[in-house]
Amino acid sequence: MTKARRRERKRKSQTKARKRKASVTLRGSQCRSLRQRDTRYVNSMAQVTATAIPQNNPTPAPRNSIVRRGLDVLTIPALSILTAFIVSGFVIAFTSPEVLKLLPQFWQHPLKLLTTMHETVTTAYAALLQGAFGDWGAIWQGLESWLATGNATDLLRALRDPFESLVGATPYIFTGLAVAVGFKGGLFNIGVEGQLFAGAVASAWVGFSIEGLPWFIHLPLALGAGIAAGAVWAGIAGLLKATRGVNEVINTIMLNYIMFLFTDWLLSDGGPLRGNAGAPRTPEIYPSAYLPRLLPDPVRFHWGFFLAIGAVFFVYWLLWKTTVGFEIRTVGASPTAAKYAGIAVGKVFVMAMGLSGGLAGLAGANELLGLNHYMVAAFSPGYGFDAIALALLGKSNPFGVLAAALLFGALRNGATRMQSIATVPIDIISVMQALIIAFIAAPEIVRWLFRLRTPAQQEHEVFARGWGA
Amino acid sequence: MAPILELRGITKRFPGVLANDHIDLTLNQGEIHALLGENGAGKSTLMNVLYGLYRPDEGEILIRDKIAHIAGPRDAIAQGIGMVHQHFMLIPVFTVTENVMLGDESIVNGVVLDRKKVAREIRDLSVKYGLEVNPDSYIKDLSVGIQQRVEIIKLLYRKADILILDEPTAVLTPQEADDLFQVLRNLKARGNSIIFITHKLREVLELADRITVLRLGKVVGSADPQNTNSAELARMMVGRSVILSVDKEPAQPQAVTLDVKNLVVLDERHNVAVNDVSFQVRAGEVLGIAGVQGNGQTELARALTGLRHIESGSVSILGEDTTHATPRKISELRVAHVPEDRQADGLVLGFPVEDNLVLNEYYRPPFAKGLVMQREVIEKAAEERVQEFDVRTPSIFVNVSSLSGGNQQKVIVAREFSRDIKLLIASQPTRGLDVGSIEYIHKRIIEKRDAGTAVLLVSNELDEIMSLSDRIAVMFKGQIIDTVNADETTKEALGLLMAGMRDESAPPRAQTEIPDKSA
């Protein structure tokens with residue numbers, strides 16, 4: 001929901017509450033006068049029913065309820081992230097060689113052990129944060145030297161890290177949205193990784209096989225090919241579910257393997273898309289199909305990020321503002337009620353899967369056209385699988401997914417720096433991500449840790465259903 | 001005698017609603033105390049507080065003169081309080097024994113479940129209280145009435161002696177309800193205390209020792225069933241006089257709207273549920289389908305509205321063949337459907353009230369222009385419908401799941417009745433509703449009839465069928481065994497037909513005489 005819409009609703013509910021108060025008193029007096037002529041009004045019951053019973057609403061909702069609800073929604077994720085950082089800190093400390101070396105001598109030098117632990121963790125996290133959000137001192141210096149000398153090399157080098165976090169977040173945004181759309185439609189699309197490969201291959205093929213087009217035709221064509229390939233690949237699973245009732249979870253997993261091996265074959269020695277280089281990869285695409293970069297090397301930040309932001313708004317608009325989205329959400333929330341409402345449930349399955357796959361394909365096209373410029377085998381580090389965690393973290397809300405993707409992008413990028421400076425293995429980020437998800441999935445742990453009250457809202461929401469939707 | 005249970009000043013607030021407002025209630029040992037009130041009066045909230053599902057904002061609970069702190073069902077059970085919910089908490093693929101021992105498992109050798117011991121205890125309880133049930137049956141194979149017995153046995157197995165039953169008869173046939181009352185009397189005779197939540201006046205007068213009436217979250221009075229009557233209780237509940245019968249003019253039937261010929265429909269298990277049924281409904285008349293639940297009425301209504309496949313036969317609505325039409329096509333012929341299962345079919349529980357009010361019109365102007373839904377129009381229409389149909393909700397933006405059952409039903413009725421309709425198919429339109437709402441919905445149905453709508457009413461409530469219908473068709477084992485004019489029949493005659501006896505002079509075992517093609 002947008003801010004403006006919330007404000008609008010709040011205003012409406014307030015005026016309504018005021019109106020209701022006024023009308024209740026009116027109704028009270030009507031009620032009394034009516035009771036005196038008991039026999040005469042029984043025939044005009046319809047009107048009486050509408051007016052004689054005052055609304056059961058003696059306590060108007062508190063004024064700040066919307067703000068409070070917003071905070072309630074954010075509390076658990078924020079505390080989950082905090083807790084995950086704390087627990088990961090211990091993991092970092094107790095896997096560090098220095099700390100392990102000191103551990104047997106704990107009773108002789110307890111203080112030394114603790115200070116070493118403290119140093120290890122702070123160094124690691126400092127490196128992580130610097131890697132994720134940039135070294136602002138260096139950026140400032142770079143800016144000064146650029147203004148003084150006109151040489152932007154230092155500035156760009158300093159800017160690389162924060163922008164790289166955004167570059168890293170971009171595929172997460174697309175794939176997270178893909179899974180979220182599936183969840184909203186009551187579908188669990190585990191095949192995002194395969195659809196991402198399909199999208200990448202298709203856009204690579206369009207990118208290198210067609211020469212001489214202007215960029216404003218070639219680039220959309222390549223992106224479109226990626227979307228279409230992902231949509232078709234996921235649509236197969238949707239179609240099988242709609243017509244044959246095949247479970248999409250198993251189906252999309254199987255389709256993943258087919259796509260991985262299919263791309264392996266395409267890129268293998270003698271395969272149809274194999275380039276001239278010695279490695280299993282396609283030829284390079286023509287620059288007319290590149291997603292343009294905004295800044296010179298070494299900053300790799302490209303237009304794909306804005307495309308992803310656009311996708312967030314598009315998915316929000318589609319799900320909450322259009323009839324298509326209403327149908328997807330209805331099927332996801334209650335397939336039986338959807339059927340009753342005249343929605344062709346099977347059609348919606350195919351459509352939701354296609355949409356989900358299209359977003360996944362766009363993730364692949366984005367990586368290919370924005371960064372690599374050619375397809376290699378096994379080119380994704382598992383964006384499609386992390387996306388499931390992202391969609392859960394973002395509660396299947398497009399903006400929640402955006403926030404979660406930015407976080408994951410920053411963590412992944414910061415981890416590289418952490419590894420090089422603090423020699424903490426990059427895998428610790430996977431531990432951290434897993435912990436965040438675990439805490440989000442089990443909010444009771446966080447509530448217990450921080451002694452939070454169970455929100456009153458929860459007592460109402462007994463009817464939880466579906467895949468995190 | 002000291003009360004076994006005492007509630008003092010219980011107050012519970014929900015955002016925007018004061019559900020319980022300083023409620024005092026006492027329960028004596030060995031009595032059946034009826035808690036009477038409309039939907040949304042706060043009965044279920046109060047009992048959920050007592051059972052530890054909600055925490056009260058104010059007030060205290062005393063059990064056997066001691067203040068009790070009940071933080072959850074576990075505490076409640078430990079204090080001897082047991083609750084049978086409106087929707088049963090049973091696992092269909094487990095046996096009766098397994099369901100009873102769930103959460104309180106009896107174990108031998110540290111690891112092995114002692115099913116035999118539990119089964120024996122269940123048999124003992126069955127005999128003691130007249131709760132006939134086979135411990136080895138699977139829940140999914142049992143009728144609703146028997147499932148309810150299992151719920152009661154579950155409580156007795158846990159040694160509960162204060163039993164709360166939340167609208168226990170809402171899902172039962174009249175015979176099953178009578179059986180339940182006998183069981184409750186047995187329980188009472190053995191010293192158990194019972195709180196019986198309901199809004200059915202007849203049951204209260206028949207069963208209760210004491211009556212407390214709630215309205216809008218407050219206790220509005222209590223009564224002794226010996227010295228009161230239905231009209232007085234209804235007035236207390238609703239806050240005004242209620243007419244318990246429906247005033248209506250004789251019907252003016254016109255052209256045939258719904259024409260059903262030789263319809264055959266299968267049920268979930270592929271048995272014949274509707275067997276060669278033919279009938280017509282004309283514009284401006286109400287055809288009631290009476291029958292004991294499970295005689296094919298559910299499948300008939302679902303088949304007519306496109307939700308179930310039709311094996312053979314034909315259906316035409318306003319001259320158009322709809323035998324294999326989609327639900328949307330049928331809806332667009334201006335057919336409204338109040339479905340039997342409001343929570344599964346009629347509503348999307350996770351959606352706000354406003355969306356549920358346009359659930360089958362969301363794609364059409366004025367609610368959508370092309371692809372884009374018109375929120376302003378939807379909200380305006382929702383506000384109007386909530387006002388007109390007196391749906392009690394804090395706002396149109398809250399999820400429909402947080403409304404009481406009666407108000408959920410009103411949301412459906414508001415949606416279906418505010419369209420311009422030619423045919424209304426209403427299945428159990430007032431199941432689980434309070435008198436005020438029933439009266440209101442009945443009135444709207446007759447209004448639709450008088451406006452020239454053909455109405456097919458399917459109901460298990462004989463009173464409802466008799467007061468609304470112009471003609472009554474009785475279904476038995478998938479067939480319509482007779483169709484009678486409503487003003488030429490009696491409750492007794494219909495009762496016999498519902499039991500499968502076509503002729504009043506027929507011998508009591510007449511069921512066997514009806515050719516049973518469904519077997």
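## A tour of chains A and B

Start by selecting chain A: 43% of its 469 residues count as buried (buried means 20 or more other C-beta atoms within 10 Å of a residue's own, exposed 12 or fewer, partly exposed in between, with C-beta atoms placed from the backbone). What you have open is a predicted model, in which local features need pLDDT of at least 70 and side-chain atom pairs count only at pLDDT 80 or more, while totals for chains, interfaces and linings use all residues. Residues are numbered from 1 along each chain as its sequence is written, and chains are lettered from A and ligands numbered from 1 in the order in which they are written.

Of the contacts in chain A with a separation of 6 or more, 75% come from residues 24 or more positions apart (a contact means C-beta atoms, placed from the backbone, within 7 Å).

**Next, chain B as a whole**

Chain B holds 17 helices and 24 strands. Its radius of gyration is 24 Å, close to the 24 Å that the globule rule gives for 519 residues, so chain B is as compact as a globular protein of that length (the radius is taken over C-alpha atoms, and the rule is 2.2 Å times the number of residues to the power 0.38). Along the principal axes, the C-alpha trace of chain B spans about 70 × 55 × 50 Å. Buried residues make up 49% of this chain.

Look for B:L5, whose bridge partner in β4(B) is B:I63. β4(B) also pairs with β5 (residues 66-68) of chain B, antiparallel over three bridges, and B:I61 stands opposite B:A68 in β5(B). Two residues lie between the strands of this β4(B)-β5(B) hairpin, where B:R64 takes a positive phi near 50°.

Is helix α1 (residues 43-50) of chain B mostly covered or mostly open? Mostly covered: eight of its eight residues are buried, among them B:K43, B:L46 and B:N48. Just after α1(B), B:G52 has a positive phi of about 85°.

**Select B:115-129 and B:144-157**

Helices α4 (residues 115-129) and α5 (residues 144-157) of chain B pack at about 105°, their axes 10 Å apart (axes are lines fitted to C-alpha atoms, for helices over the stretch in contact, with angles from 0 to 180 degrees between N-to-C directions). α4(B) and α5(B) are therefore roughly perpendicular, a label for angles of 65 to 115 degrees (under 35 is roughly parallel, over 145 roughly antiparallel, the rest oblique). Show side chains for B:E121, B:I122 and B:L125 in α4(B), which meet B:I153, B:L156 and B:Y157 in α5(B).

β16 (residues 310-317) and β17(B) pair over two bridges, and B:I317 stands opposite B:E320 in β17(B).

Technical notes
Two residues are in contact if their C-beta atoms, placed from the backbone, lie within 7 Å. Two strands pair if DSSP finds at least two bridges between them. Helices (H or I, at least four residues) and strands (E, at least two) are DSSP runs, numbered from the N terminus.
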